[in-house]
Structure formats: structure tokens, C-alpha cells
Amino acid sequence: MIIRASTSGRGMEEWMIEGNGSLVVVGTGIRTTEHLTGNAIAWIKASDKVLYVVADLVAERVIKELSPSAESLTVLYGEGKPRGETYHAMVDRILDSVRGGHRTCVVLYGHPGVFAYPGHLAIERARDEGYPATMLPAISAEDCLFADLGIDPGHQGMQSYEASHFVLHRKRIDPTTALVLWQIGSFGDNTYRREGASNHKLPFLVARLCEEYPADHAVTIYEAAIYIGCAPRIERLRLGKLAEARVTPASTLYIPPVRKSRIDPATASWLGFEPADR
């Protein structure tokens, strides 16, 4: 039996053979009622097992309306439990569904491939075991940041790191290019906290950044709006004051360039560019 769904997704009908396990990972976008794509909706409706991890009740309600039997994977989180342990438990639950012959759709908040380790690992393992598995793109917090802050990464480039990773690996900074640090609200904490991290380690992050930027350099704490009609959080402050600011698990730090980059004259001449071309 073939389950047909109204979608433009190439090859969808081939995946809808009853009894054959498969996996599709989709994203809700940031504002689910506005960002959820028609293709993602079609997969949620057509799948016989839907598992989800979302950040708000509106997103959960939308998923439940599309698939009343959908199950949340957030029950696998535990207070103080390492997030990595939870992610592997999620992957095990997803693979159990696929191995059971279910057409499985996993719905993740935002873009399903951005800060969403379980989606990537589940697809990798499913493919290794011979099951068809794929991911659909969606709108991420980064996309919202570009729009809300008026940033074009194609202009001067952009550096982007998870905040703890940035410090642990002592990543090099190009001060002529914007720097975006994600998850500053959980900096230095790899466990799940229902109320968010205490942020008492933020001074360490500030100290690291002050090795490269002056303390009075203007930065922005950004949080995308998750509901239609609501404004994003855009709080501008001095870098040296960051440790005193209110940050949440949704907080992202945007640091603009300290100075403009310079064109290398020899390279510009060889390429035939005039100095004003770039």
C-alpha cells in the first residue's frame, strides 16, 4: 500500500511504503505558525510515528493538531542530567521507531540541523543500517538574527561558535569580522537545567573576549521572537557589562567588527579589482 501526500518533496511517495522503516527530520522554524513549511507539514501528516522536541506550547499544539499521536522526547531530559546523555537516549528512541517499520518523522525546534545533534546522529545511524533517512531545511535563529539586526554575512564575513566551544578551544578571532556566540545562557554548563544555567561563569567568557576587544566595545544580546506579533530581544551594551546582564538559554551574543579589513593591493591588482570594488 502506498500512502500519497500532497507535497512537492521529491521521492516522498517512494518512502511511504507501509511496513518499511524510514526517517525524515524536519524543523518548526522559530515561529512555528509562521515558519513551518508546507513540505514539513506534509511529512508530519503522512508519517505514522511522529516524535518531537520543541521549545514552546504553541509549537507542540500545532504538531498535535497535525499528528494527534505525536510523542514528545523532552521527557528524556532530567534535572542536572548531561545533555549528551539525553541526546543519545533520543537517538535510541528514534531508531527503535525506524527499526519497528514505522515511517518516522522527527520534528525539532528551529532548523533541525542547527544545534540539534540528535537529528544528525539519528540520520547517520539509520543510513548505516540501510534505512532511508533525510533532513529538510528550516528557518533558524541565525536567519532571524540576520533580519532583525540587519546583518549581511556576505559583506564582511562572519565567525560563529557555540560559546563554551569557543572558549574551550581558544578559537582565533578576526576582529575585522563579526562574531556570533550561541548559547551564552548555558555557557560552561553541559547539563540540563529547567530554569537555565546560573550564568556565574560568564565573567570567564567576558575575560576571554576582552583579550581581543576593548571592554567598552558595543555588543548585542539577541533573542529571536518565537510568537507572531512579539518583538525580538535586542539589547545593546558594553562588552565589559555582559556578565551583569540577564541572559537566558535563548540568548545569542553578537559582536560587530572592531575595525574594517584592508584590501591587499597586490592581490587586488592581480585580480583586476579597483580598491573600491570590495
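## Basis of the model

Helices (H or I, at least four residues) and strands (E, at least two) are DSSP runs, numbered from the N terminus. The model is predicted, so local features need pLDDT of at least 70 and side-chain atom pairs count only at pLDDT 80 or more, while totals for chains, interfaces and linings use all residues. Residues are numbered from 1 along each chain as its sequence is written, and side-chain values use heavy atoms, with hydrogens and water left out.

## The parallel sheet

Five strands form an open sheet with parallel pairing, in the order β3-β2-β4-β1-β5. Strands β3 (71–72) and β5 (133–135) stand at its edges; each has a single partner strand, so one side of each lacks a neighbour in the sheet. Two strands are said to pair if DSSP finds at least two bridges between them. Strands β1 (residues 22–27) and β4 (residues 103–108) run parallel and are joined by six bridges. Within this pair, L23 stands opposite T104 of β4.

Helix α6 (residues 117–128) packs on this sheet and touches β1, β4 and β5, where contact means heavy atoms within 4.5 Å. The direction of α6 makes about 155° with that of β5. For such angles, axes are lines fitted to C-alpha atoms, for helices over the stretch in contact, and values run from 0 to 180 degrees between N-to-C directions.

## The mixed sheet

Another open sheet of five strands has the order β6-β7-β10-β8-β9, and its pairing is mixed. Its edges are β6 (158–162) and β9 (233–238), each with a single partner strand, so one side of each is left without a neighbour in the sheet. On average, neighbouring strands of this sheet are turned by 20° against each other, direction ignored. Strands β7 (residues 178–182) and β10 (residues 252–255) pair in the antiparallel sense over three bridges, and V180 has Y254 in β10 as its bridge partner.

Helix α7 (residues 141–149) lies across β6, β7, β8 (218–223), β9 and β10, and runs at about 125° to β8.

## Residue T220

T220 is placed in strand β8. T220 counts as buried, because its relative accessibility is 5%; buried means under 20% relative accessible area, exposed over 50%, and partly exposed in between (1.4 Å probe, protein chains only). Not counting residues up to four places away in sequence, T220 touches L149, I234, E235, R236, T252, L253 and Y254.

## Residue L271

L271 lies in helix α11 (residues 265–271). With a relative accessible area of 46%, L271 is partly exposed.
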